[in-house]
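Biologist: Please show me the model. I have some questions about the words you use for it.

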Amino acid sequence: MWLIRSSVRRPVLTTVITLILILLGTYSYLHMGVAFLPKMDIPVVMVRAEYEGAGPAETESTLVKPFEDAIARVEGVKTIRGFARDGSGVVVIELENDVDNTQAAMDIATQVRALTLPDGAKDPSIVKFDINARAFMTMVVISDLPTSQVRDITEEQVAKRLTQIFGMATAEVIGGLDRQIHVEVDPLSLKAHDLSITRLGEMIKRSNRNEPAGQIAAGAKEVSLRFTGEVENPSLLGKIPLTLANGSGIALGDLAEIKDTVEEERRLSRFNGKPAVTLDLVARPNANVVALARQVYQELERIEPSLPEGMKLDVIFDNSVYINDAIRNVISDMLMATLLTAVVLYFSLQRFGATLAAVLTLPTSLIATFIVQFLYGFTINMMSSIGLAISVGVLVDNAILVLENIYRYREMGYDAFESAERGSAEIAVAVLASVSTNLGVFIPIAFMGGMLGQMFNEFALTVVFTTLVSLYSAFSLTPMVTAYLGGKVGEPLPLFTRVTTGWWQVFFEELKGLHIALCKKCIRHPLITTIVVVALCFGAFKGLSFIGFNFMPREDEGRINIDIELSSTASLKNTDEVLQSIEDYVKQFEYVRFYRSRVGGGRMSGTNSGSVYVYLTVDKRKRPSVFSIVAEWRNHFASLPDADVAISSASSMGGGGNNKPISISIIGTETGELNRIAEAVMAAMRNTRGVMDVQSDWKMGREEIRFYPNYRRLAKLGLSFGEVATEVNGYLTGYEAGKYREAGEEYDILVKLPRSWTKSVHKMTGVPVRTPVGFLPLDDLMEVRPGTGPTAINREDRQRKVTVDANTGQGISVGEIMRELQPKLDSIELPSGYRLNYGGDIRNINENYGTMLTVLGLAVGITFLMVAGLLESWIFSIIVMATLPLSALGVIPMMLVTNSNFTVFALLGIVMMVGITVNNAIVILDYAEMRRRAGAHYRRAIVEACRTRFRPIFMATFTTLVALVPMMVSSGEGSQLKGPMAIVMTGGLIGGGVLALYIIPMVYNIVWRLRLGK
């Protein structure tokens, strides 16, 4: 081959090219972003509109349903989910994977904004969901000042400065109450002055504003005229004159009380038990989170001196530390794997130069891969890093095959240069076959669709890039280094080499003799060999029933989420009292660093729900595992009265909070029937081993006061139901009467009732309402009835739904739970038109495991075709692929021994194994056919192939296994992601890769006997 000859004959050029690759790779590495996961464009759009004062039933009928009907007309919509809450309606749209998200969001916006919304509803917001928009850092602002003032200072002096850092997307301030100007007016006073609350609000709005008045020419200058009516102080609002219906005037301050206050308290935020304001920082896609965090710390040092005395900023969560540690652990595993590989090669080759020739391909291939990653816009993340680490053992295989064949020619008497050229050229087909099968596996992974496709794309392409670079190195750098530094064959080895490697050579020769003997026995006794292998495979596959299934591996990141939900009638104060009892329990543990709490205020939650976020000691050696802590705390909080408590470990991979692994939705039309089925599902879950924190999102019992219109009375008065509702809604939630501006900030001015009126239901029913004939009590115009209603209404595919979800207990997988739960669910009788939909990990497993199995099928098919083309034989390709089931003999026992579950990462390891385990068979068959075509008997040819190729096969397999060991036994950050993959590949190599050495010779012998009719 031209590349081999040129590399051997021009060592300076080969060295220069290698150095250029290393330099460019280093530059690329230093300029790449750092993140935990690759950027994923999840096709989800959210539509949200606020309707102050409306209940779930109203928001469902006036917002959610019209949104759903309009959105259903958009092409590419996969699933529509609606959420009706107090004061807001949300519709979440999941799109098909092949849809242009931006265009779909524009089409959805067009349809939604064409709708006519009820009076009082705000314009809807349409946003694309970004899975990458997670806070990478959370800090708490500690101060003795009122939280409303702390919030303003944080927004102005901290958040705005942090968002100016390059790479920062948003800085969201959480906690504290927004400032508002309240104009509190007694309805009896309004009645006395013949004013409605809406008219009063409009009068304030018209008086408190600035207006341009044009320009005048004053000589050579032009001067602008402007009417400035906005007050400079909230108290000055009281001087605004009001013109009454009888023509008289009155100052606003004589009619109402002006209060510079804050919004109604509907949410609470605490840190370590004290009221606090927190700040969540979100990075831009492809930003270097680790470098960004360093810049944040530097900026905080500049910000803190300018803050009021006593105000302090503390970082309570910094995910960049976990990301940095996780990626450093992968790199550490990679370096350890490289070192172990070098040691094994030195023991086998007994020459430093030969070892160097093989090992040099590793750093060259890995560093050069950064060039392509940089050009493709990849980040340094867990997936791309694992792709590099998993390649270490595979990369050296090509160099080993080339190196071993070169030394075989050296031992045959050829000189160093001719041996390098001939040996490399002869093994080229086997090396190309090995590389082709690897590429045949990873290309389908790289182009896999859906969420997993985006997650694994950088992983697969990284391995593809690295493999291609290693192929170049194997045919250029390895022959060149071997030719010049490979030493002389036949000369006595140095004493140090004989002492350190002698025992290994003895072990290897004994193993080689045993291998040849077993190969001959398998050839002579094909029936017994087949029976033994089939029996072993049958026993291994029986072990599958003892292996669980999860979507993602569990990772101990030292964070725990505790979510509570009380009855629908619970007030903010009641919920807060329960949350404080949880805080009192949590803070007693020494391994709890700090905790923060939130009550109410969420998009999907009310005052009856809250959360406690617990941060544990970073050093895992000084505390129990997060999973055992969760189990202990779950038992304690099970006795908490009148509260549903869900406890879960938080993870950067998702999960925690409300994202429970087991989620089952009942979809239908009638609420009562949905609730009945939900009760049956909950009972089935509670009677299933390992199911914890069973909850339903359907809550009834919220007290309501319902006003039914007296249409005859309203018609006589010439008054509409909407006018009455708007006025009463203004009394309670506040009628917006413009803005008060101060120091560049805007604050709402609300006209509303004093609190003395809102404490009594009976007083509210008698509130006077302005009519054309004067003021009348509300209960004269409406029929007042007490009732109950839901706290929220959820929908899916334009029907109502009730969702039952749960967590899994320690040591049990979702797959194991579903094996027991599914028959119970199947026995529940569903009326016509009702169905169960699975969410959470169940849905992810069903959808994505199917995708992974499809990719596995593609990998097998492509590998089969590549092997057939390389060996120029369909029958030999079938023989090679027949060794794949043998991998189960290693994979299943390995997973049982390590107590591992199947996850998407374990399945990815199985897919990768397809390209690795067939390589041994290809190497043997390639040489056997070469010898047979040279005139050797087919049996002698296959035995000679087993003997000749055993050394490179053993070295390649053993170095790959050794390279996987650091990843398999790692216990640091990110180990739960790479560990399952390494475990599966190790088992597959031991099972399929080793047993193929004995099955292939037997089948090869049988095939040629049948072909020749013997």
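Modeller: Start with a pair: V140 stands opposite T278 in β15. This is a predicted model, where local features need pLDDT of at least 70, side-chain atom pairs count only at pLDDT 80 or more, and totals for chains, interfaces and linings use all residues. Residues are numbered from 1 along each chain as its sequence is written, and side-chain values use heavy atoms, with hydrogens and water left out.

Biologist: What makes β5 and β15 paired strands?

Modeller: Strands are DSSP runs of E, at least two residues. Two strands pair if DSSP finds at least two bridges between them. Six bridges join β5 (residues 135–142) to β15, so they pair. They run antiparallel.

Biologist: Which residue stands opposite A283 in β15?

Modeller: M168 does. Strand β6 (residues 168–174) also pairs with β15 in the antiparallel sense, over six bridges.

Biologist: Why is β15 called largely enclosed?

Modeller: Buried means under 20% relative accessible area, exposed over 50%, partly exposed in between (1.4 Å probe, protein chains only). Seven of the seven residues of β15 (residues 277–283) are buried, so the rest of the structure largely encloses this strand. V277, L279, L281 and A283 cover one side. T278, D280 and V282 are buried on the other.

Biologist: Is V12 buried or exposed, and how do you know?

Modeller: Its relative accessible area is 62%. The cut-off for exposed is over 50%, so V12 is exposed. V12 lies in helix α2 (residues 11–30).

Biologist: How confident is the predictor, by mean pLDDT of the protein chain?

Modeller: pLDDT is the predictor's confidence in each residue, from 0 to 100. The chain's mean is 83, and 95% of its residues reach 70 or more.

Definitions and conventions
Helices (H or I, at least four residues) and strands (E, at least two) are DSSP runs, numbered from the N terminus.
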